[in-house]
Amino acid sequence: MFFLALLTLLSLTLPALAGAETELDLTVPGLRIGVATGSIQEQIVRELCPEAEVFHFEKVDGCTAVAQGKIDCYIYDKKQLEIAVANGQAGIRVLDQTVGDSFSVALGISDVSKIPDLADRVNAFIASIREDGTLDEIFDRWVIRREEDMPEILLPSSPKYHLTVGTTGIVEPYSYFKGSELMGYDIELAYRLAAWLEADVSFDIYDYGSIVAACHSGKADVISANLQVTPERAEALRFSDPLFRQESGIIVRKTGMDTVSDEAPDVHWQDYNGKRIGVLVGPLMENAAHTYFPDSEYRLFNSYPDCVTALLTGKIDAFLGDGPEMKSLHAEQPEIDYIHESLTENNYSFAFRKNDEKSAALCAELDAFLNKAWADGTMQELEDIWLGADEDRKVVDMSGLTGENGKIRVVTTATDMPWSYVKDGQNVGYDIDLVVRFCRDRGYSLELGDVDFAGRIPALQSGKYDFTTDMNVTPEREEQVLFSTPTAHGGIVLAVRTSDLAAPDTENDVPADGDRGKNDLLSGIAASFEKTFIRENRWKLFLQGVWTTLLITMLSILFGTMLGFLVFMLCRNGNRAANAITRAGMWLVQGMPMVVLLMILYYVIFGSVSISGITVAVIGFTLTFGAAVFGLLKTGVGAVDPGQYEAAYALGHSNRRTFYRVILPQAIPHVLPAYRGEIVSLLKATAVVGYIAVQDLTKMGDIVRSRTYEAFFPLIAVTVIYFALEGSMNIVLRRIQRWIDPKRRSRERILKGVKTDD
């Protein structure tokens with residue numbers, strides 16, 4: 001019965017979408033309809049299409065969704081839909097059909113404007129230009145003929161008022177940027193209003209979600225932004241008399257309800273339900289996995305390079321990823337491709353602390369910058385650069401960060417290509433470029449922090465950073481953080497092996513002979529070595545990571561040994577207070593996973609302190625190593641025969657002298673092998689410091705792997721380097737052990753300080 005109902009639905013819907021003369025039946029159950037967020041069409045669809053599945057978009061973004069088959073139709077201002085098609089939006093067409101009643105467009109007017117009687121003045125202005133035909137002339141110029149020449153409008157040299165106009169700058173032909181110049185129907189209307197009021201004028205760019213609030217609060221005197229009059233808006237905002245009326249139109253896909261883009265292979269994501277799916281840790285990907293692959297077995301991963309390795313080694317059959325990142329991944333790793341039909345539509349935004357006035361003010365400042373950037377083509381430029389194939393353009397200009405208005409601290413993840421990653425030793429990417437442009441525009445200097453994705457929100461909430469880049473907007477995250485205006489749009493796609501999308505060419509895949517296979521192996525190793533170490537001077541990243549790892553290790557050994565010895569000396573004679581405090585401290589430190597301890601130190605205890613991640617790492621490992629040294633000393637001293645104390649006391653030695661000259665030299669050999677093992681374990685344990693914005697050897701390996709998407713070579717390289725470090729450290733420690741071994745001491749060292757001629 002289910003399949004019969006589905007066939008009936010398709011038989012009703014396909015003709016409606018495909019036929020040029022056939023009207024679309026909006027009452028078909030399950031029809032996927034797109035509307036603009038906050039538009040009057042949203043209310044129309046709610047009333048006329050109660051059984052439809054409604055999707056929300058930012059204005060004409062719905063046209064792209066129709067072209068890609070993500071929705072069946074998009075309902076919006078018919079004139080703007082026609083303009084979208086005329087501007088070259090491929091794969092869609094506008095139906096002759098209209099939806100619902102026509103509606104009014106008007107100016108929004110602030111009730112708290114400093115211009116007296118503004119509402120009456122605006123309505124008088126509209127009446128005057130309607131009467132002399134100017135209003136129709138403006139509409140004809142911009143909307144009908146679509147001219148792009150702003151007429152000369154003289155503003156007073158000695159204005160009586162200042163008129164602040166809120167607009168969007170993204171809705172052609174009403175308010176949009178041509179180059180850096182703001183123009184359109186609403187802009188000309190605002191200039192004429194200012195001249196009529198004998199005022200000068202300035203324009204502020206907002207998105208539709210905040211423009212009404214700006215006018216209501218008095219930040220804008222009027223809204224001139226193709227503002228549709230809706231009952232909800234009328235409750236919060238005073239409208240002028242109507243300027244003109246609009247109709248709601250419909251666009252559909254030219255080829256009907258196909259859900260696969262023209263580039264998509266003959267494989268669908270539905271084919272992978274029931275297979276092993278890789279999922280990044282986090283609610284967005286996990287929810288998508290449960291929704292679209294309910295019969296699958298899930299494997300959780302922390303990063304895309306981990307997913308790539310699992311896919312290429314056959315541990316999983318596919319994994320979920322963001323579309324833009326999968327595009328970059330495929331360019332670097334041709335063995336991985338993705339099915340081009342998106343599962344979901346997502347927005348990417350920057351995230352700020354919630355319930356924090358300073359963060360809210362900075363978010364509003366960034367929103368204003370982003371709205372202008374969307375309007376003037378800056379965001380399209382960024383997309384062309386960082387999602388394009390031209391590597392020469394992928395450079396971030398860090399100049400001009402003057403810092404006269406302070407410093408912005410931004411947390412990001414250096415393995416999150418194309419949003420933020422390391423190239424030629426420099427932080428680059430879509431988000432980095434965007435943040436630098438914002439700081440340059442607003443007079444800030446910039447400090448970047450690198451934290452694993454799971455640590456971004458804790459880093460933000462601790463106050464160490466002002467905001468974090470590249471966050472998918474989800475309801476769960478909206479409860480934790482304040483999101484900015486979207487910085488990019490994307491969707492979740494399914495990444496698979498390239499070989500799974502087409503039949504393999506077995507003649508070319510099989511070597512002709514053993515020599516050919518050998519050559520392929522050697523050339524593959526050489527290519528991996530070149531990508532991992534030589535290209536972009538990535539060997540410098542490994543060198544920097546080795547230095548950071550050794551610095552943390554050596555300082556932790558030094559301070560941890562001193563701490564453990566000091567605490568042991570305080571406790572060795574049975575001091576109750578010292579022993580109680582030590583037991584409690586060791587219980588806390590040793591009972592806590594190292595990564596949790598580091599994150600508590602970094603984000604909680606030192607959350608409000610300006611302290612580097614390396615310093616926190618040294619503090620954390622000093623505590624754990626000190627606890628280990630305390631335990632070793634307790635064990636080693638306990639292994640010394642109690643008779644040694646009695647003999648020393650009988651010879652007249654004090655308790656202190658007995659410990660240092662008799663007991664400790666005998667205890668050290670008992671604990672040296674274990675002490676050496678603790679040092680080696682400490683070296684390996686430092687691999688988790690990436691959680692607190694430290695770029696150690698392991699983190700550098702992840703950074704390189706995120707650029708090359710090599711499944712094994714960077715991992716093997718990191719392993720070899722760790723082996724080399726451990727081997728070198730063991731050699732040094734064995735030499736030290738031999739030097740202090742009492743059995744290897746010379747007669748002169750043994751008798752040093754003893755009078756042998758008595």
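Which residue forms a salt bridge with Asp500? Arg497 does, with the closest N and O atoms 3.4 Å apart. A salt bridge here is a side-chain nitrogen of Lys or Arg within 4 Å of a carboxyl oxygen of Asp or Glu.

## Model and confidence

This is a predicted model, in which local features need pLDDT of at least 70, side-chain atom pairs count only at pLDDT 80 or more, and totals for chains, interfaces and linings use all residues. Residues are numbered from 1 along each chain as its sequence is written, and side-chain values use heavy atoms, with hydrogens and water left out.

The protein chain has an average pLDDT (the predictor's confidence in each residue, from 0 to 100) of 80, and 85% of the residues score at least 70. The pLDDT is below 50 over residues 1–21, a stretch with 24 contacts in the model beyond near neighbours in sequence. Contact means heavy atoms within 4.5 Å. Residues 256–265 also have a pLDDT below 50, and this stretch has 24 contacts beyond near neighbours in sequence.

## Salt bridges

The structure contains 20 salt bridges. Buried means under 20% relative accessible area, exposed over 50%, and partly exposed in between (1.4 Å probe, protein chains only). Elsewhere, salt bridges that share partners join Glu137, Arg141, Glu188 and Arg192 into one network. Glu188 is buried, with 0% relative accessible area, and Arg192 is partly exposed, with 23%.

Glu198 and Lys160 form another salt bridge, at 3.4 Å from N to O. Glu198 is in the loop between helix H7 (185–197) and strand S9 (199–205), and Lys160 is in the loop between helix H6 (134–144) and strand S5 (161–167), so the pair ties together parts 38 residues apart in sequence. Helices (H or I, at least four residues) and strands (E, at least two) are DSSP runs, numbered from the N terminus. Glu198 is partly exposed at 37% relative accessibility, whereas Lys160 is exposed at 55%.

## Nonpolar cores

A nonpolar core is a set of buried Ala, Val, Leu, Ile, Met, Phe, Trp, Tyr and Cys residues joined through side-chain atoms within 4.5 Å. The largest one has 46 residues, and Phe621, Tyr675 and Ile692 have the most contacts inside it. Among the elements giving two or more residues to this core are helices H20 (539–571), H23 (613–638) and H25 (655–685). Apart from neighbours within four places in sequence, the contacts of Phe621 include Ile552, Met594, Leu598 and Val689. A second, separate core has 35 residues, including Leu107, Leu118, Phe125 and Ala199.

Thr622 is found in helix H23 and is buried, at 11% relative accessibility. A polar atom of the Thr622 side chain lies 2.6 Å from the backbone oxygen of Val618. Beyond neighbours within four places in sequence, Thr622 is in contact with Leu555, Ser556, Phe559, Gly560 and Leu563.

## Helix H14

Helix H14 (residues 378–386) has Thr378, Met379, Leu382, Ile385 and Trp386 as its buried residues. Seen down the axis of H14, these residues fall within an arc of 120° (taken from the directions from the helix axis to the C-beta atoms), so they line one face of the helix. They pack against helices H12 (323–332), H13 (357–376) and H15 (430–442), and against strands S19 (420–423) and S20 (426–428).

How values were computed: Polar contact = N/O pair within 3.5 Å; in protein donor to acceptor, adjacent residues only side chain to side chain.
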